[in-house]
Every structure is written in structure tokens, then in C-alpha cells.
Amino acid sequence: MASTTRQFARVALRTTTRRTAFVAAPRQILRQGGRRYNSSEAGKSGGSSSLIWIAGAAAAGGAGYYFFTQGGSSPSIKEFKPTQKDYQEVYNVIAGRLEENDEYDDGSYGPVLLRLAWHASGTYDKETGTGGSNGATMRFAPESEHAANAGLKAARDFLEPVKQKFPWISYSDLWILGGVCAIQEMLGPEIPYRPGRTDGDLSACTPDGRLPDAAQGPKHIRDIFYRMGFNDQEIVALCGAHALGRCHKNRSGFDGPWTFSPTVLTNDFYRLLLDEKWQWRKWDGPAQYEDKKTKSLMMLPTDMALVQDKEFRKWVELYAKDNDAFFKDFSAAVVKLFELGVPFAQDAKRFTLKSPNA
């Protein structure tokens, strides 16, 4: 099976992607022949005549859900409180769908799942306490239609069959779990996960403009991230996620991948920023950079700001030299990002979910 081949190659991928940028083709070869399913098939779950789901139970998220069990002359109500094992089952299904659905972009839905979790969290305002990953308000317009969220319907649709299979998990917990799964399945560091988010309604939608504008410079970057409570080091660490995925002209207006391995997380984003020669791209789209050598990679103005600003640059240089340092700081910053604005219960604990493909 193709999935077995991919599992066998994971250790090799971890090594080779940090030594050379040209790994996209081998990764694609590993994905050839993989089984594919329609979303409707992946979303099927075993039913039972003895279970009747109560409407609205899914909104409880980490607080648990209720169901009827028919016994004797009248049904009884029991409370279900999900455990780490239950969240691991959700993780496994997401990871399985990532392996089975390899038709998106460069061969993985992983980057867009991470972007969904990022954008759901990055609306947080520490002064007002609004926004953040609690609520999953991107389900509603106008937030779903904000320019920065263009294309994220693909990620929400990808996770919908998982939600149908596990109706007890809130959308907001699911989206973050999807981001955690994406990072780890794309060979990134472990990201401790803490559930407990509940879904909000339309009234909790945040105003447009809280997410970064890729055409801006250092001041804008700091304004956006300082509002969330991050410092310069955390900002640069989070930007390392640009090792993954690509921009789309029909969404952001920008076009192209940042690295040669857009479905494997490494410190290549920083290395390429420093090592390659970058020039303005001559095209009919917004101002963006291209690498002078191959003209197949791109950098955004906000990316180049990380090497133009001396305080940002020192962290770029550190992470370019030390992938372990990048992974350590990236994991810490992502955990902080994913928990912004969440009123966790006092006894809520983080735990680490494991890849079924390890």
C-alpha cells in the first residue's frame, strides 16, 4: 500500500528535507498510487438504533455530550466526557484523511488545515479579550468572507466528515486539532493539545483587518502580533510555517510556494531567505519576490521584512542554522497561538497526540 511506503520513508524525509530543498518530487512519488475516497465515504460512521443524538450536543465540545440509551421502559441520559483516547481517535481519522486525499495543491491538505487553525486563532485581541480560537466564528459571514480567509472553505469542508463522525467535538476544538495533526503529519515537532473550546455564534465574529497583510512591513507585523501578545522571537518562529504550502493568485493575489518541500516542515524558509538571491517578480499581480536562480519560489514583502529588520533578522539567522531550535520555539509559539482567547477549565491539561503513521 502507498501509505505503508510513506510510513517507511518518514525517517528518510526528516533527514533529507533539512539537507536539500529539492525533495518535492520524491514526496510526490511516495504519494502515487494512494487510495482516495470521496468526503462522503470518509465521513461514514457506524450507526446504532440504540443511540439518538440530542440536537445541539456538539456545541459542548470538551465539556462532553449527552445521548439516550434505551433500556427498560424508558430511556436514560448519560453524560460522555471525552478523554485523551477519544481525541486520539479524532486525530487518527484526520491523519488518515490526509494520507488518502492527496489531490490538493502539492499533495496534501496539511498546509491549508494549519492555515485554518492559524487564522481562527490569530484574530485575538489581548486588550478586549475578543477573537481567538474559541468560537469557530469563521463558520459565519462576514468573517468567512474576509480577504485573509479566502480559500479556507477547502479546509473546513475537509474536516466536515470528521465532525459528522465525531459530533461531540466542537468545531473550534476540531479546527485546532486539525492544525496540530497537520504540523505533526508534515514531520514537524510535537504540538501539545488542550481541548475545551466551545462554538460561538454570529455575534462573536471579529472585524476584518486583524490578520497580517502580506504587502506590509515590520511595523505592521509588530502591530498585528503584539496585539495578540507575541514578542519578536515568537513572531519569527511562527513565520517559519511559511515553509509549508503556497499562495494562490485567485485567493490572496500572490502566487507560488516559499520552499521546494511545501508539505514537509523544516527550517528551509529561513535558509532560503538568507541564502538565495531575491528579486521583484515582473508580473501582473501584487508586488512579491522570486528567487533569482529558478524563479519558482516566492517571498512576500512581510517575509523579506524579517531579514530587513535587524531585531527580526537575528532570529532568522538562528533558526536557519539550527532546526532543533526552530522546532522548539515554533512548538511553544504555536501552542500559545492556538490557545488565545480560550477560557479553559482550571483542570484542563495539555497532552500529546501521536501519529498513527509514525
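The following dialogue goes through the terms used for this predicted model and the values behind them.

Modeller: The model is predicted, so local features need pLDDT of at least 70 and side-chain atom pairs count only at pLDDT 80 or more, while totals for chains, interfaces and linings use all residues. Residues are numbered from 1 along each chain as its sequence is written, and side-chain values use heavy atoms, with hydrogens and water left out.

Biologist: How many helices and strands does the protein have, and what makes a run count as one?

Modeller: There are 13 helices and eight strands. Helices are DSSP runs of H or I with at least four residues, strands are runs of E with at least two, and both are numbered from the N terminus.

Biologist: What makes β6, β7 and β8 a sheet?

Modeller: Two strands pair if DSSP finds at least two bridges between them. Three bridges join β6 to β7 (residues 289-291), so these two strands meet the definition. The sheet is open, with the order β6-β7-β8 and antiparallel pairing. W280 stands opposite Y289 in β7.

Biologist: Why are β6 and β8 called edge strands?

Modeller: β6 (278-280) and β8 (298-299) each pair on one side only.

Biologist: How much of the protein is buried, and what does the word require?

Modeller: Of the 358 residues, 54% count as buried. Buried means under 20% relative accessible area, exposed means over 50%, and partly exposed lies in between, with a 1.4 Å probe and protein chains only.

Biologist: What makes D173 and R197 a salt bridge?

Modeller: The term requires a side-chain nitrogen of Lys or Arg within 4 Å of a carboxyl oxygen of Asp or Glu. For D173 and R197 the N to O distance is 2.8 Å, so the pair qualifies. D173 lies in helix α7 (residues 171-185) and R197 in the loop between α7 and α8 (218-228), 24 residues apart. The structure holds 16 salt bridges.

Biologist: Are D173 and R197 buried or exposed?

Modeller: D173 has a relative accessible area of 0% and R197 has 1%, so both are buried.

Biologist: How do you know that R222 and D309 form a salt bridge?

Modeller: Their closest N and O atoms are 2.9 Å apart, which means that the pair meets the definition. This pair links distant parts of the chain, with R222 in helix α8 and D309 in the loop between α11 (301-308) and α12 (310-321), 87 residues apart. R222 counts as buried at 16% relative accessibility, and D309 is buried at 15%.

Biologist: What else does the charged end of R222 do?

Modeller: The charged end of R222 sits over the ring of F312, 4.1 Å from its centre. The term requires NZ of Lys or CZ of Arg within 6 Å of the ring centre and within 35 degrees of the ring normal. The charged end of K163 sits over the ring of Y171, 4.8 Å from its centre.

Biologist: Why are E311 and K314 called partly exposed?

Modeller: E311 has 33% relative accessibility and K314 has 44%, so both values fall in the intermediate class. Their side chains meet in a salt bridge at 3.3 Å, N to O. Both residues lie in helix α12, three residues apart, about one turn of the helix.

Biologist: Why is the pair Y193 and F351 called edge-to-face?

Modeller: Rings of Phe, Tyr and Trp (its six-membered ring) pair if their centres lie within 6.5 Å; planes under 30 degrees apart count as stacked, over 60 as edge-to-face and the rest as tilted. By this rule there are 18 aromatic pairs. The ring centres of Y193 and F351 are 6.0 Å apart and the planes stand at 70°, so the pair is edge-to-face. Y193 lies in the loop between α7 and α8 and F351 in the segment after α13 (323-338), so the pair ties together parts 158 residues apart in sequence. Y193 is buried at 1% relative accessible area, and F351 counts as buried at 14%.

Biologist: What makes Y270 and Y319 a tilted pair?

Modeller: Their ring centres are 5.3 Å apart and their planes stand at 50°, so the pair is tilted. Y270 is in helix α10 (residues 268-275) and Y319 in helix α12, 49 residues apart. Y270 is buried at 0%, and Y319 is buried at 0%. Ring pairs link F269, Y270, W315, Y319, F326, F327 and F330 into a cluster.
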